[in-house]
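I record below what I looked up for each.

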Amino acid sequence: MGDAQLFIDGVWADAQSGETFPTYAPSTGEKIADVAKAGREDAQRAVQAARKAFDDGPWPRMSGKERAEKLRAVAAIINGRSAEIAEIEARDGGGTIKKAMFADVPGAASTFEAFANCAENEPDVVDRGESPFPPAKSIVRREPFGVCSGIVPWNFPFLMAGWKIGPAIAAGNTVVLKPASFTSLSAIEMVKAVQEADIPPGVVNLITGPGGSAGEELAQHPLVDKVAFTGSTEVGRRIMQLASGTVKKVTLELGGKSANIVLDDADLDLAAAGVLWGTFFHNGQVCESGTRALVSRKIYDEFVGMLVERAGKIVIGDNMDMNSDLGPLVAPSQVDTTERYVKLGLDEGAKLLCGGSKPTNLPAGLDQSAYYLPTIFEADNSMKIAQEEIFGPVLCVIPFDSDDEAIKIANDSIYGLGGGVWSKNLDRAHSMAASMRTGTVWVNDYHMITPTQPFGGYKQSGIGRELGDYGYNEYRQIKHVWQNTATDRSGYLHFAALSGNI
Ligand code: NAD
């Protein structure tokens with residue numbers, strides 16, 4: 001399935017140790033590639049290459065328009081190879097080919113396009129006008145941070161690589177990317193597109209390998225100026241600690257346990273489809289999944305009946321088949337975690353409404369143990385299955401009696417990443433949205449993310465925002481330049497304070 005090497009300073013190479021690790025197709029358990037296993041020394045080399053490219057290379061010195069053209073070239077190359085990349089993405093990560101073709105690959109290409117627009121249109125220098133001491137005036141410059149490291153998870157490997165590389169290089173930074181060990185292959189394809197677009201050596205570097213060594217090095221290396229991390233809250237805390245040694249800029253996109261609120265005046269057909277989509281898309285392996293459905297007691301029985309009936313119709317199968325809605329989970333460890341939480345839910349007294357086991361009737365050739373049925377519990381919000389991120393196909397349905405109570409339950413979480421409100425009354429829905437302590441709220445929809453609008457978390461779901469001009473500016477320093485053209489300073493207080501000496 002192509003090269004699986006590191007990319008440092010414009011050169012594909014094995015890890016210095018020569019070590020590799022295998023990557024498997026989750027649906028069959030078949031090994032699909034050996035991937036270079038980067039160690040600390042490889043990460044250090046990559047950071048040094050990125051440093052050199054930033055300090056001495058042309059990239060940060062090019063105009064935004066010139067950089068934008070290169071980013072658009074990357075997008076065009078990705079779009080031109082979309083079928084091939086989608087296949088690599090789906091095989092390696094276990095997501096459906098449908099998801100790869102309609103979300104991951106075009107989403108990554110449009111991310112490069114959106115940040116090309118930022119590079120071209122967002123001003124680098126803003127005249128802020130006269131100061132209180134005219135003719136002195138203020139000018140604010142936006143400048144790249146320098147070397148950025150991007151560390152990403154396995155659930156949307158190609159898209160997340162784009163979310164890290166796109167804004168970093170659009171703003172004139174250089175970058176070292178580390179994908180998750182389960183899913184290295186599509187990041188290699190993205191870097192090939194960068195190489196083909198003739199982006200100078202050292203601007204984008206790729207390190208594949210374990211988080212505990214190569215990843216830690218990227219989070220703490222003194223030559224790194226900014227760390228952008230997407231992954232679990234637990235590792236996010238560790239990243240903050242590591243980055244604090246040299247007080248790096250840190251942005252974190254972490255876990256979630258988002259509430260999808262169904263009000264009594266919702267279009268129930270639409271809301272039932274939205275709640276199932278909101279949880280079971282990609283088997284719940286989505287950070288902003290609506291894994292807690294809060295349902296008005298006025299419509300509770302009817303609505304829960306609809307959920308259970310429709311959950312049974314979700315098509316589980318070969319993830320490379322366009323007809324499959326769900327494929328396997330990313331790895332046996334993720335199936336184990338799901339099983340552990342389902343058992344915990346039963347022990348806690350949650351009522352299992354459907355699922356709760358692996359499927360038994362999958363086509364021959366698929367590894368049945370890698371799959372899990374969409375599972376719905378009636379739960380209490382205080383239960384661990386309603387508080388902790390499972391990252392598997394498990395939905396907790398929780399009844400409520402008033403809008404205020406729904407908000408209380410929604411906000412009773414350490415997380416605040418996504419959320420939904422289903423109602424025909426937009427004023428009521430927006431008032432709920434305003435009270436939810438979370439970075440994204442979808443009104444009568446779910447999971448819709450666009451590269452031009454901000455995405456990120458409240459509370460322990462993260463720090464900072466990705467995407468859009470908000471995300472772009474997370475990759476730019478702010479510099480205040482004070483300019484004074486006055487020759488007579490006699491009226492100036494600060495000069496007067498030392499007037500005898502100047
Ligand atoms: P993870 O935290 O285990 O790993 C994420 C990345 O960090 C991987 O590349 C891993 O190799 C690396 N890593 C692990 N330990 C490290 C360390 N000590 N130092 C540096 N790097 C280290 O997460 P995962 O299992 O790959 O992904 C699932 C998690 O990601 C879930 O919690 C999910 O909610 C979260 N996620 C969040 C978002 C978001 O935008 N908020 C998006 C996708 C996934």
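The model is predicted, and each value below is computed from it.

**Entry 1: the ligand**

A nitrogen atom of the ligand lies 3.5 Å from a backbone N or O atom of Glu-253. Taken alone, the ligand exposes 840 Å², of which the protein buries 88%.

I then turned to side-chain partners. For Ser-232, I find an N or O atom of the side chain 2.6 Å from an oxygen atom of the ligand. For Lys-178, the distance from a side-chain N or O atom to an oxygen atom of the ligand is 2.8 Å.

Which residues come nearest to the ligand, of the 26 around it? I list Val-152, Glu-216, Ser-232, Leu-254 and Glu-389. I also checked which elements contribute to the shell: α7 (211–220), β10 (226–230) and α8 (233–244) each supply at least two of its residues.

**Entry 2: Ser-461**

I located Ser-461 in the loop between β20 (458–459) and β21 (462–463). Is Ser-461 buried or exposed? Its relative accessible area is 0%, so I class Ser-461 as buried, the cut-off for buried being under 20%.

I next listed its contacts, leaving out residues up to four places away in sequence. Ser-461 touches Leu-252, Glu-253, Leu-254, Gly-255, Gly-256, Tyr-415, Gly-416 and Leu-417.

**Entry 3: helix α10**

I looked up the span of α10 (residues 300–311). Its 12 residues reach 16 Å from the first C-alpha to the last, close to the 16 Å expected at 1.5 Å a residue.

Which residues of α10 are buried? I record Tyr-300, Phe-303, Val-304, Met-306, Leu-307 and Ala-311. They lie on the same side of α10, because they cover an arc of only 155 degrees around the axis. The face turned away from this buried side carries the exposed residues Asp-301 and Glu-302.

Finally, I looked up what the buried residues of α10 pack against: β12 (259–262), α9 (268–280), β13 (292–296), β14 (351–354), β15 (375–378) and β16 (394–400).

Definitions and conventions. Residues are numbered from 1 along each chain as its sequence is written. This is a predicted model: local features need pLDDT of at least 70, side-chain atom pairs count only at pLDDT 80 or more; totals for chains, interfaces and linings use all residues. Side-chain values use heavy atoms; hydrogens and water are left out. Helices (H or I, at least four residues) and strands (E, at least two) are DSSP runs, numbered from the N terminus. The expected span of a helix is 1.5 Å times one less than its number of residues. Buried means under 20% relative accessible area, exposed over 50%, partly exposed in between (1.4 Å probe, protein chains only). The arc is that of the directions from the helix axis to the C-beta atoms. Contact means heavy atoms within 4.5 Å. A residue is near a molecule or strand if one of its heavy atoms lies within 4 Å of it. A polar contact is a pair of N or O atoms within 3.5 Å; within protein, one must be able to donate a hydrogen and the other to accept it, and residues adjacent in sequence count only if both atoms are side-chain atoms. Accessible areas come from the Shrake-Rupley method with a 1.4 Å probe; for residues, only the protein chains shown count as cover.
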